[in-house]
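Subject: Structure handover

Hello,

Please find the structure below, followed by notes on what was found in it.

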Amino acid sequence: MKIEKILLIGNPNVGKSAIFSRLTGAKVIISNYPGTTVEFTQGKIKLGDETVMIIDVPGTYTLEPTCKAEDVACRMVKEGGLVINIIDATNLERNLHLTLQLLEKGMPLIIALNMWDDTKHRGIYIDVKKLEELLGVPVIPTCGLTGEGIKELIDRLPETKTRDLSASSDNQKWEKIGEILEVAQKLTHRHHTLLERLEDLSIKPLTGLPIALGIIYSSFWVVRFVGENLIRHIFEPLFTKLWLPLLMKLSAFLVEGSFLHHILIGNFIESKIDFGQSFGLLTTGLYVPIAMVLPYIFSFYLILGLLEDLGYLPRLAVLTDNFMHHLGLHGYAIIPFILGLGCKVPGILATRLLEERREKFIATTLMVVGIPCMAQIAMIVGLVGQRGGKYVAIIFFTLFVLLVVKGLILNRILKGVSPEILVEIPPYRIPQIQSVIKKLWMRLSGFLKEALPFVLLGVLFVNILYMLRIIDFFAHIFTPVLTGLWGLPKEAISALVVGFLRKDLAVGMLGPLNLTTKQLVVGSTILAVYFPCIATYIVLIRELGIKDTLKSTAIMIMVALLIGMLLNLIL
Amino acid sequence: MIIDLTKMQPGESGIVKEIQGGQGFIRKLQSMGLRPEKKITKVSSHFWRGPQTVEVGNIQIAVGFGMAKSILVEVKR
């Protein structure tokens with residue numbers, strides 16, 4: 001049989017992406033919560049002499065779609081292909097329901113009995129031979145995280161079979177599954193492990209809420225501690241001790257005041273290179289993304305990766321569900337929000353987890369205005385933090401209040417009600433160091449590949465706009481808003497212009513303006529809310545469509561005008 | 001006696017008797033493993049009509065308060 005296309009299909013959070021990455025060597029994000037993959041990922045695998053396309057399909061419970069991620073799965077099934085049905089061996093019954101649905105659709109099937117390593121300590125004994133016999137298709141025990149069974153899975157792909165089953169009702173399927181399990185699975189009683197006790201404690205409100213506060217507080221503490229120390233002991237010395245001497249030589253060679261000197265090195269501040277203020281490609285252009293932002297991106301994604309792989313996020317979703325309902329969302333929206341703290345692009349993509357359009361609109365609009373990304377946070381902490389931690393707190397508190405107030409209002413004025421939470425809570429799993437590091441590395445290189453060019457482009461762009469005096473022209477037009485409403489100097493316009501490209505650089509541009517502390521707070525807050533960066537905006541259009549994006553944009557601009565004015569009056 | 005899921009005590013077990021609601025909702029719950037004649041154990045119940053979490057087989061599911069009201073369970077008391 002010639003294999004044309006392979007689909008990886010299974011319930012949410014059974015480890016499809018882990019197997020996908022094992023099969024293809026492709027780098028994909030794997031976490032321990034349902035809905036990590038919301039879009040299908042494509043890869044290639046070599047079988048003999050042929051290269052076959054392989055697709056990691058978002059998890060689904062049924063072939064009748066109930067949300068966007070599941071809709072993707074159903075469409076993929078309709079297009080056909082060979083199916084590797086991935087099953088969570090610790091939840092055979094439920095997983096087999098989807099297997100029967102796939103078999104009834106006449107899909108050629110092979111089963112990967114994943115999380116095989118988990119069955120033993122859960123007291124589950126599965127007779128693989130019997131299961132294979134009863135289902136009539138090959139069944140291979142696998143463990144996606146360690147790679148166990150993957151080779152056998154590939155070797156046995158040609159054995160894939162279709163079954164000629166007539167369509168049966170849901171109840172008939174459950175009966176059939178019951179009969180299969182009667183023979184092929186044995187459950188024994190076992191004691192609760194420590195991890196399971198922790199699971200219980202972190203989901204019960206009386207113990208869960210303090211645990212959540214503790215985890216959130218310590219996460220932020222660690223992110224800050226690691227970030228600050230990386231900057232102080234590694235990145236700052238790297239730039240001042242190694243990079244600066246090289247730049248000084250280059251500077252002497254280029255001659256201060258020349259065009260190239262201006263673009264590459266920038267201006268001398270008090271006759272020296274100042275990484276924060278010189279504003280050349282090789283000075284500020286590298287210093288901001290690498291020495292100021294990257295350390296925080298590193299520490300944030302390290303902690304996030306650990307929490308994701310442990311399986312903590314869905315528990316946080318349950319604990320915050322009540323609060324989120326006031327904002328027109330349910331608890332699971334906390335996951336896009338948390339991802340948005342890293343970068344809004346994956347954050348917005350993750351809103352596909354939400355069922356309804358209304359929720360999606362609220363979640364994305366709140367995220368764009370109320371949740372600064374880590375690059376921006378790092379710059380605010382770095383720049384405003386010099387004036388005192390109190391001012392950093394004012395900015396974040398303002399953003400939080402904005403998010404809540406906007407949510408309350410949107411929930412009131414938008415038609416309809418948001419659905420309730422209905423989600424599976426995965427068991428805790430001890431994060432595997434290799435997979436945490438792999439995920440961290442993917443996210444860091446993603447940041448460098450996507451952010452660095454934009455920052456450099458931003459620096460170049462601003463320098464050119466200055467030379468052409470276009471900035472002066474904009475400054476002139478926007479003076480009434482900038483100075484009249486927000487109390488900022490008209491030079492701040494350059495930061496607002498750059499903010500369309502990159503938020504971290506934009507915040508950095510407030511540095512050389514000699515702002516008062518109040519102006520700095522107002523400026524940083526406005527930069528966070530007036531408009532998302534270009535990368536975010538493109539995803540926003542793709543996910544919401546033009547019309548809703550425009551609505552969302554109108555809200556952003558209104559909020560920016562208002563909050564800038566209010567802060568200017570109050571502070 | 002038969003009560004709805006929200007009335008169960010944390011730690012209490014029972015047998016699901018009926019799920020009321022639309023086709024889509026019932027089907028989704030079923031495919032997650034929560035269906036009539038299954039034994040479930042309530043794990044926790046959150047304040048102010050918050051979500052209810054239950055254990056079915058090897059999995060835990062969080063269900064919104066309103067949804068939980070439409071899940072009827074037979075318990076021994």
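By definition, buried means under 20% relative accessible area, exposed over 50% and partly exposed in between, with a 1.4 Å probe and protein chains only.

This is a predicted model, in which local features need pLDDT of at least 70, side-chain atom pairs count only at pLDDT 80 or more, and totals for chains, interfaces and linings use all residues. Residues are numbered from 1 along each chain as its sequence is written, chains are lettered from A and ligands numbered from 1 in the order in which they are written, and side-chain values use heavy atoms, with hydrogens and water left out.

Aromatic rings

A search of the whole structure gives 11 aromatic pairs over all chains. One of them is A:Trp221 with A:Phe225, a stacked pair at 5.1 Å centre to centre with 10° between the planes. Rings of Phe, Tyr and Trp (its six-membered ring) pair if their centres lie within 6.5 Å; planes under 30 degrees apart count as stacked, over 60 as edge-to-face and the rest as tilted. Both residues of this pair, A:Trp221 and A:Phe225, sit in helix 9 (residues 205-254) of chain A, four residues apart, about one turn of the helix. Helices here are DSSP runs (H or I, at least four residues), numbered from the N terminus. A:Phe225 has a relative accessible area of 44%, so it is partly exposed.

A:Phe474 has a partner too: with A:Phe478 it forms a tilted pair, 6.5 Å centre to centre and 35° between the planes. The two are separated by about one helical turn because they are four residues apart in helix 19 (residues 470-485) of chain A. A:Phe478 is partly exposed, with a relative accessible area of 39%.

Elsewhere, A:Phe500, A:Tyr530, A:Phe531 and A:Tyr537 make up one aromatic cluster.

Loops with positive phi

Which phi does A:Arg469 have? The value is positive, about 65°, although A:Arg469 is not a glycine. A:Arg469 belongs to the loop between helix 18 and helix 19 of chain A, and its relative accessibility of 57% makes it exposed. A:Val255, also not a glycine, has a positive phi near 70°; this residue is in the loop between helix 9 and helix 10 (259-264) of chain A.

Helix 18

A:Lys449 lies in helix 18 (residues 433-467) of chain A. With 62% relative accessibility, A:Lys449 counts as exposed.

Regards
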